[in-house]
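I opened this notebook to record what I looked up, entry by entry. The entries follow the order in which I checked things.

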Amino acid sequence: MSETETPVYGPFFGVMGSAAAMVFSALGAAYGTAKSGTGIAAMSVMRPELIMKSIIPVVMAGIIAIYGLVVAVLIANNIKSPSDGYRLYTGFLHLGAGLSVGLSGLAAGFAIGIVGDAGVRGTAQQPRLFVGMILILIFAEVLGLYGLIVSLILTTRG
């Protein structure tokens with residue numbers, strides 16, 4: 001391999017991909033947990049028997065962080081020094097993989113938080129809303145799953 005294919009700054013992009021995967025997905029999970037948690041707290045004042053049923057959005061938000069953790073660990077385990085043959089191409093793939101799962105996890109966390117907050121408050125007033133809330137939460141969660149799938153494909157390419 002030539003010096004232009006393995007520059008000294010190549011691993012920087014891989015490290016940034018690993019960091020982006022964890023940071024952005026954790027931000028999404030934290031927002032989803034906090035926003036849903038405020039809805040649960042407000043709802044539980046009037047209907048404390050629904051607390052355990054209303055925890056579902058918080059669990060789903062936490063899964064988003066797991067997606068980011070999986071990709072961050074996969075990327076971190078594949079980072080090598082430039083002298084060991086870590087190419088710039090691989091660094092860019094790892095950056096793309098991290099951004100893919102991280103940003104889609106951020107978006108999914110925001111969606112889960114907003115739906116979870118409104119959903120648990122609405123379910124406290126009208127229990128028939130529960131199934132609709134769960135379906136919307138599933139569609140929000142799958143956005144993070146799409147990012148995970150793309151990032152897993154990208155990490156296996158390098």
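**Entry 1. Arg 47 and its partner**

I began with Arg 47, which is partly exposed at a relative accessible area of 25%. The model is a predicted one, and I kept that in mind throughout. The side chain of Arg 47 meets that of Glu 49 in a salt bridge, with 2.7 Å from N to O. Is Glu 49 buried or exposed? I noted Glu 49 as exposed, because its relative accessibility is 54% and the cut-off for exposed is over 50%.

**Entry 2. The other salt bridges**

I then searched the whole structure and found three salt bridges. One of them joins Asp 117 to Lys 35, where the closest N and O atoms are 3.5 Å apart. This pair links distant parts of the chain, since Asp 117 is in helix H3 and Lys 35 is in helix H1, 82 residues apart. Asp 117 also forms a salt bridge with Arg 121, and here the closest N and O atoms are 2.7 Å apart. Arg 121 and Asp 117 both belong to helix H3 and sit four residues apart, about one turn of the helix. I wrote down Lys 35, Asp 117 and Arg 121 as linked in a network of salt bridges.

Next I checked the accessibility of these residues. Asp 117 counts as buried because its relative accessibility is 11%, under the 20% cut-off. Lys 35 counts as partly exposed at 28% relative accessibility. Arg 121 counts as partly exposed too, at 38%.

**Entry 3. Helix H2**

I turned to helix H2, which runs over residues 56-78 and has 23 residues. From its first C-alpha to its last, H2 reaches 34 Å, close to the 33 Å expected at 1.5 Å a residue. Which residues of H2 are buried? I listed Pro 57, Met 60, Ala 61, Ile 64, Ala 65, Tyr 67, Gly 68, Val 71, Ala 72 and Ile 75. What covers these buried residues includes helix H1 (10-46), helix H3 (88-125) and helix H4 (129-157).

I also looked up Leu 69, which has its place in helix H2. Leu 69 is partly exposed because its relative accessible area is 43%, which falls between the cut-offs of 20% and 50%. The C-alpha atoms of Leu 69 and Ala 21 are separated by 7.1 Å, although the two residues are 48 residues apart along the chain.

Which residues make the nonpolar surface patch? I found Val 59, Ile 63, Ile 66, Val 70, Leu 74 and Leu 152, with an area of about 430 Å². H2 gives the largest share of the patch, five residues. Leu 152 lies in helix H4. At 32% relative accessibility, Leu 152 counts as partly exposed.

**Entry 4. Helix H4**

I went on to H4, which has 29 residues. Its first and last C-alpha atoms are 43 Å apart, close to the 42 Å expected at 1.5 Å a residue. The buried residues of H4 include Phe 130, Met 133, Ile 134, Leu 137 and Ala 140, and among the others I noted Glu 141 and Thr 155. Against which helices do the buried residues of H4 pack? I recorded H2 and H3.

**Entry 5. The nonpolar core**

I looked for the largest nonpolar core and counted 25 residues in it. The residues with the most contacts inside this core are Ile 64, Val 71, Val 101, Ile 112, Met 133 and Leu 137. H1, H2, H3 and H4 are the elements that give two or more residues to this core. The largest share, eight residues, comes from H2.

**Entry 6. His 94**

Is His 94 buried or exposed? I put His 94 down as buried because its relative accessibility is 2%. Not counting residues up to four places away in sequence, His 94 touches Phe 13, Gly 14, Gly 17, Ile 75, Asn 78, Ile 79, Tyr 86 and Thr 155. Of these, Ile 75 is one of the buried residues of H2, and Thr 155 is one of the buried residues of H4.

How values were computed
Residues are numbered from 1 along each chain as its sequence is written. This is a predicted model: local features need pLDDT of at least 70, side-chain atom pairs count only at pLDDT 80 or more; totals for chains, interfaces and linings use all residues. Side-chain values use heavy atoms; hydrogens and water are left out. The expected span of a helix is 1.5 Å times one less than its number of residues. Buried means under 20% relative accessible area, exposed over 50%, partly exposed in between (1.4 Å probe, protein chains only). Contact means heavy atoms within 4.5 Å. Patches are made of residues with over 30% relative accessible area and no salt bridge: like charges are joined within 9 Å, nonpolar side chains (Val, Leu, Ile, Met, Phe, Trp, Tyr) within 5 Å. Accessible areas come from the Shrake-Rupley method with a 1.4 Å probe; for residues, only the protein chains shown count as cover. A salt bridge is a side-chain nitrogen of Lys or Arg within 4 Å of a carboxyl oxygen of Asp or Glu. A nonpolar core is a set of buried Ala, Val, Leu, Ile, Met, Phe, Trp, Tyr and Cys residues joined through side-chain atoms within 4.5 Å.
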